[in-house]
Amino acid sequence: MEEAKRGYTLEEARARLLDALSPLPGRDTCPLHQSRGRVLAAPLAAPRAVPGFRASSMDGYALRAVDGQPGRSLPVAGCSAAGAPYGRPLQPGQAVRIFTGAVVPDGADAVAPQEDVRLMQGDLPDPAITLEGPIHPGQWIRSPQEEAAPGEPLASVGQRLSSVDVARAAGCGLRTAQVYARPRVALLITGSELRPAGHPLAPGTIHDSNGPLLLLLLEQLGIPVVGREWVDDDPQRLERALLKLAGRSDVLISTGGVSVGDEDHVRPLLERLGTLQFWRLFLKPGRPFATGTMAGARFFGLPGNPVSAAVTFLQLVRPALQVLEGATPEPWPRLRVRLATPLRRRSGRPELIRARLGMDQQGNPLATPCGNQSSGRLASLQGADLLLEVDASTTALPAGVAVMAQLLRLPVL
Ligand code: AMP
Ligand code: MG
């Protein structure tokens, strides 16, 4: 009872939500070069050894290490360049000019870098070298399986492919990847006070920021948006838009009208047209949040306040989309940071405070909150690197105190 009134904590909400979801049934065969960011539905494995031959990792001379006594002169029998092998076995007492990436001829077991070699003048076209330092068997030779052995796993089911995954698979000769279908998402922006960008404002109206915000966050995740509508706080129009958008999407996301005001129609409509799984979070920003199902789609009713919409999207919708796409939800990377400035707040709900990441003189991470933390103020999220996790009872945090933070910036590769 207490929980129902208070709402779920983020952890409770996330666990309940993700438990109720499973990957969508669709699969795509994707050209490898378009598969970055997609989730694998079948493992990738190397069809053969890569590079598949012993390759030089230096420009220099291939030879037998036993022939490599300093001062000994070795005739240069030919050349092995990248893509143009020497093609014959190296004979005892010989050297072969070699370049990085070229096949090390049979018979050779070391490469002497050219910096360690003196090329003997004269006697062309049969030059010779003498070595200036010792040679060790195997030196500067890449193994035929250095990048991959035949059948070696390159990426597993449920893995989201990075640029490096794609590049390594391409280097191993793969051309396609079997991936999960992506959830199709529709957006419903509700609120009688809202005008889409470019529309003139009447008194008391504002321009919509949740529409662009969600569209761009979804775009960043590579999720296709299949429908978008703006609707007043009018139950009939809302009902028509909800059913229409739910019918053509796997996930329907609305913003606004999900609280307890007289003009908040979204939750009652969800209860009537579909099923409400749960409602309300014990979280700031983001208390009004509802999820359930409607006309075969998973439904998320996000709060209207733009920061609340962004935070609930990142904390709950994003992991849900990951599960629907066959991926294991990736928790945000977290780190311990010290507060650069003191923080005062009202107790009541756990809070995610938007902050910038800096460094103290010793190079330790330092967090500076982004000013007024009003959930209507997108400026508090603009340029934020961190969400500081503050529990319900904390009211004052002095400068220098350590807090846990979620890192909002995503990995580069
Ligand atoms: P609601 O969740 O509908 O009660 O809205 C909470 C606050 O967020 C109100 O001040 C709304 O005007 C504002 N709001 C709702 N939707 C949007 C939107 N799409 N863009 C900007 N502000 C919004
Ligand atoms: Mg409203």
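## A pair of residues to start from

Arg 338 stands opposite Leu 366 in S24. Strand S24 (residues 365-369) is joined to S21 by two bridges, and the two strands run parallel. The strands here, like the helices, are DSSP runs numbered from the N terminus, with at least two residues (E) for a strand and at least four (H or I) for a helix. Two strands are said to pair if DSSP finds at least two bridges between them.

Strand S21 (residues 334-339) also pairs with strand S27 (residues 402-407), this time in the antiparallel sense and over five bridges. Here Arg 334 has Gln 406 in S27 opposite.

## About the model

You are looking at a predicted model, in which local features need pLDDT of at least 70 and side-chain atom pairs count only at pLDDT 80 or more, while totals for chains, interfaces and linings use all residues. Residues are numbered from 1 along each chain as its sequence is written, chains are lettered from A and ligands numbered from 1 in the order in which they are written, and side-chain values use heavy atoms, with hydrogens and water left out.

## Around ligand 1

Which residues surround ligand 1? The list runs Ile 189, Glu 193, Leu 194, Ile 206, Asp 208, Ser 209, Asn 210, Gly 256, Gly 257, Gly 304, Asn 305 and Pro 306. A residue counts as near the ligand if one of its heavy atoms lies within 4 Å of it.

Now for the polar contacts, which between protein and ligand are pairs of N or O atoms within 3.5 Å. Asn 210 brings a polar side-chain atom to 3.2 Å from a nitrogen atom of ligand 1.

One open sheet has six strands in the order S16-S13-S17-S20-S19-S18, with mixed pairing. Its edge strands are S16 (225-231) and S18, each pairing on one side only. From one strand to the next the twist averages 15°, where axes are lines fitted to C-alpha atoms and angles run from 0 to 180 degrees between N-to-C directions. Within this sheet, S13 (residues 185-190) and S17 (residues 251-255) pair in the parallel sense over five bridges, and Leu 187 stands opposite Ile 253 in S17.

Another open sheet of six strands has the order S7-S4-S6-S5-S9-S8, again with mixed pairing. S7 (110-113) and S8 (117-120) stand at its edges with a single partner strand each, so one side of each has no neighbour in the sheet. Here the twist averages 40° from one strand to the next. S5 (residues 73-80) and S6 (residues 95-98) run parallel and are joined by three bridges, with Ser 80 opposite Ile 98 in S6.

## An aromatic pair

How many aromatic pairs does a search of the whole structure find? There are three. The ring centres of Tyr 8 and Phe 278 are 5.2 Å apart and their planes stand at 75°, so this pair is edge-to-face. Rings of Phe, Tyr and Trp (its six-membered ring) pair if their centres lie within 6.5 Å; planes under 30 degrees apart count as stacked, over 60 as edge-to-face and the rest as tilted. The pair links distant parts of the chain, 270 residues apart: Tyr 8 is in the loop between helix H1 (2-6) and helix H2 (10-19), and Phe 278 is in strand S18 (residues 275-279).

## Backbone details

Most residues other than glycine have a negative phi, and most peptide bonds are trans. Arg 280 has a positive phi, near 85°, and sits in the loop between S18 and S19.

That loop between S18 and S19 (290-294) also holds Pro 285, which is joined to Lys 284 by a cis peptide bond with omega about -5°. The bond from Val 50 to Pro 51 is cis too, with omega near 10°; Pro 51 lies in the loop between S2 (44-45) and S3 (55-56).

Note on methods:
Polar contact = N/O pair within 3.5 Å; in protein donor to acceptor, adjacent residues only side chain to side chain.
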